[in-house]
Amino acid sequence: MSFDTQVPAVPRLEIRNMVRQFDGRTVVDDVSMTIQAGQVTCLLGPSGCGKSTTLRMIAGVEMQDSGEIYVDGKLICDTVFRVPPERREIGLMFQDFALFPHLSVADNVAFGLKGPKAEKRARVEELLRKVDLIRYIDEFPHQLSGGEQQRVALARALAPRPRIMLMDEPFSGLDNRLRDGIRDETLALLKEEDTAVLLVTHEPEEAMRMADEIALMRDGKIVQRGAPYNVYTRPRDKAAVAFFSDIN
Ligand code: ADP
Ligand code: MG
């Protein structure tokens with residue numbers, strides 16, 4: 001085996017020893033993880049366990065009390081040095097994905113793009129084709145269904161080619177009937193883009209469907225980490241068994 005193959009790639013995203021307290025209570029408790037480009041990691045755990053706070057610190061909209069964040073091996077945030085959120089090359093998607101109502105679908109997707117108009121237009125068209133919404137390019141958000149708006153929001157988040165995509169319960173506002181289809185489409189599109197995905201969910205089923213790796217979180221800590229099948233078939237303790245027993 002050559003030396004090269006033994007050296008793991010520098011992770012796209014690495015967080016080390018992240019801690020956050022609110023009112024003296026530790027809600028994120030020494031969380032470390034790495035994600036490679038092209039991978040989807042699901043941060044899975046019950047409501048209130050600290051998932052969103054972890055994501056918000058990576059996005060830079062919440063400060064950690066201690067810990068470091070690295071992108072492609074470069075420090076972007078510790079307790080003294082901090083790259084501002086808008087310069088982190090991070091795409092965000094939340095449950096409340098709120099498109100700009102007064103902007104066309106094209107302008108929504110182009111919103112975070114810089115550069116020549118023709119290039120921006122080409123990127124917008126490329127993404128709208130991928131999410132199968134090119135026919136709505138000049139429509140406005142209110143003319144689209146919830147599922148369609150969600151796909152526009154995905155296109156908008158991916159348009160500037162973010163190095164990292166952070167998604168916080170992005171499908172929970174959607175109708176059950178639509179959800180599986182949109183999860184699959186979203187996953188396919190994420191895999192085509194060169195990005196590392198951290199997807200937060202409290203639904204084991206969603207993590208099983210979408211993750212390359214699951215990081216199981218409880219009381220502010222990552223208690224288990226691994227491929228979905230392994231985490232599901234070899235839960236580490238009774239609490240993990242109980243949590244996964246929701247899946248039908
Ligand atoms: P999750 O996303 O897993 O549901 P959160 O990260 O949103 O969990 O919250 C973790 C804990 O931190 C919860 O108990 C929540 O009430 C608390 N918390 C989150 N944000 C704040 C805040 N700004 N001020 C005080 N407590 C907060
Ligand atoms: Mg949350």
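Modeller: Happy to! In this predicted model, the protein's secondary structure amounts to nine helices and 10 strands. The radius of gyration is 18 Å, close to the 18 Å that the globule rule gives for 248 residues, so the protein is as compact as a globular protein of that length. Its C-alpha trace spans about 50 × 50 × 45 Å along the principal axes. Of the 248 residues, 34% are buried. If you take the contacts between residues at least 6 apart in sequence, 69% of them join residues at least 24 apart.

Now for the close look. Two packed helices are described by the angle between their axes and the distance between the axes. The pair to look at is H5, residues 146-158, and H6, residues 176-192. Their axes come within 11 Å and cross at roughly 15 degrees. Angles under 35 degrees count as roughly parallel, so H5 runs roughly parallel to H6. The crossing of these two helices is right-handed.

Which residues bring H5 and H6 together? On the H5 side you will find Gly147, Gln150 and Leu154. Facing them from H6 are Leu178, Ile182, Thr186 and Leu189.

Notes
Residues are numbered from 1 along each chain as its sequence is written. Chains are lettered from A and ligands numbered from 1 in the order in which they are written. This is a predicted model: local features need pLDDT of at least 70, side-chain atom pairs count only at pLDDT 80 or more; totals for chains, interfaces and linings use all residues. Axes are lines fitted to C-alpha atoms, for helices over the stretch in contact, and angles run from 0 to 180 degrees between N-to-C directions. Helices (H or I, at least four residues) and strands (E, at least two) are DSSP runs, numbered from the N terminus. Angles under 35 degrees count as roughly parallel, over 145 as roughly antiparallel, 65 to 115 as roughly perpendicular and the rest as oblique. A crossing is left-handed if the near helix is turned anticlockwise from the far one by less than a right angle, and right-handed if clockwise. Two residues are in contact if their C-beta atoms, placed from the backbone, lie within 7 Å. The radius of gyration is taken over C-alpha atoms; the globule rule is 2.2 Å times the number of residues to the power 0.38. A residue is buried if 20 or more other C-beta atoms lie within 10 Å of its own, exposed if 12 or fewer, and partly exposed in between; C-beta atoms are placed from the backbone.
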